[in-house]
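Subject: Handover of a structure

Dear colleague,

Please find the structure below, together with its sequence.

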Amino acid sequence: MTYDYDLFVIGAGSGGLAASKRAASYGAKVAIAEESLVGGTCVIRGCIPKKLMVYSSHFPALFHDAAGYGWKVGEAELDWEYFITAIDKEVRRLSQLHIGFLEKAGVELIPSRATLLDPHTIEVDGRKVTADKILIAVGGRPVKPDLPGMEYGITSNDMFHLQAKPKHIAIIGAGYIGTEFACIMRGLGCEVTQIVRKDLILNGFDEEIRTNIQEGMTNHGIKIIQNHVVEAVEKVPEGIKIKLSGENKEPIIADVFLVATGRVPNIEGLGLEKAGVETCCGSIEGPGYSTMDAITVNEYSQTSQANIFAVGDVTDRMNLTPVAIGEGRAFADSEFGNNRRIFSHENVPTAIFSTPEAGTVGLTEAQAREKLGDDGVKIYRTRFRPLFHSLTGAQERTMMKLVVDASTDKVLGAHMVGENAGEIIQGVAIAVNMGATKKDFDATVGIHPTSAEEFVTMR
């Protein structure tokens, strides 16, 4: 049978873009459909604009720290309108850049929503087209709990379009999105209250990452309300009133309320059932949530329909931009490049762009102990004030930690909280992926004086 396209990609985010360009490089006829700006969550409403906000949030502390080195810095003021406009301009520039990359690769871009009609037919831009293979890469979306007054809350998508800087922002959610925005907004001069359901933020990360970040956030003036949930929200003349669980807990009044309690695969209205694509097992813990399944795939990103594939957040495997890119390229190599391979989800490094920042790769201490037992694990750690702050007077602390297999001396995990943690862990991740031992770390000469050298001097 003859099809209109060898590959049709639904969603021009990180995974879809990577897969479409790689497939086209092998000679495949490829089209990609996107109803929003090209670039997906990372470029448009995630990693890139968020990191730009992170950079901006660090300037007030730098102005303050400069005094410790003899610099006299005058009154500083943030022009919010300029700031938000500049971020939006950069996002749109990057989106156009990705469009140019698609054109150069020979991929046809269809700026429209696409839905499945059957395993080989897609409805897009008011017409029906067919494809030999279909890739679903529509990502995820933020979701709010079904609780009274949630319409007054905004999501992470809206944070990049606030018309004015909030005086007080309240945030529910203990994940990396809520935590990062809490730090960003505090750095930009807002009063910040973060509401979390348990004792600590960042569930799933190493315990010392969680405790050190939370301690740092508290020291920076962020109010963290632990072991509480939001019961209801209402609009009042003073702003937004947030009622918490517990009889003795006073409600919070804020002018902006960010709901950062989770994301779900963006599968609604895709027509998966018409194409015979199975989904499974999606959920978010907590009151007020209903389940939203993810697309089920095998190790080759193949769905229950043999010619349909899915990558990225829509599969809810490991929701990170570089992972979606890796999955997309592995799919294209396997299906069009005569190089059948899988993308490994082991030892994937990641960072939390909070203040203080964190970077991590490999097993947490708890995971290692569960796998090898307490006697099978050795922990090496250090905690110190960075040299930079020896003159600023700030009580900042850096934490570094190695998780080591006691029997093989292999480094199973590396974790850091402190300035440039993401940059530092990126290099450490190479060693961890290569199976380096603690002796290999010890045999490496440190660069002095740096914080990073501590990873090769811990005893």
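In which sense do strand β8 and strand β9 pair, and over how many bridges? The model is a predicted one, and in it β8 (residues 168–172) and β9 (residues 191–195) pair in the parallel sense, over 5 bridges. Within this pairing, A170 has T193 of β9 as its bridge partner.

These two strands belong to an open sheet of 4 strands with parallel pairing, arranged in the order β10-β9-β8-β14. At its edges are β10 (223–225) and β14 (256–259), each of which pairs on one side only. On average, neighbouring strands of this sheet are turned by 20° against each other, direction ignored. Helix α5 (residues 176–187) packs on the sheet and touches β8, β9 and β14. The direction of α5 makes about 165° with that of β9.

Helix α3 (residues 47–66) packs with helix α4 (residues 80–105) at an angle of about 145°, and their axes are 10 Å apart. The crossing of α3 and α4 is right-handed. On the side of α3, the contact is made by I48, P49, L52, M53 and S56; α4 contributes W80, F83, I87, E90, V91 and L94. By class, the residues of this contact comprise 9 nonpolar, 1 polar and 1 charged.

The largest share of the lining comes from α3, with 10 residues. The lining of the second largest pocket divides into 12 nonpolar, 12 polar and 8 charged residues.

The largest cavity has a volume of about 50 Å³. Its lining is formed by E299, Y300, S301, R317, E327, A330, F331, S334, R341, I342, F343 and H345. These lining residues divide into 5 nonpolar, 3 polar and 4 charged.

Yours sincerely,

A colleague

Terms used: Residues numbered from 1 in each chain as written. Predicted model: local features only at pLDDT ≥ 70, side-chain atom pairs only at ≥ 80, totals over all residues. Heavy atoms only, no water. Axes fitted to C-alpha atoms, helices over the stretch in contact; angles between N-to-C directions. Left-handed = near helix turned anticlockwise from the far one by under 90°. Contact = heavy atoms within 4.5 Å. Nonpolar A, V, L, I, M, F, W, Y, C, P; charged D, E, K, R; others polar. 1 Å grid on protein atoms, 1.4 Å probe; cavity = no way out; pocket = protein on both sides within 12 Å on 5 of 7 lines; lining within 4 Å. Points joined across faces, edges and corners; volume = space filled by probe spheres on them. Pairing = 2+ DSSP bridges.
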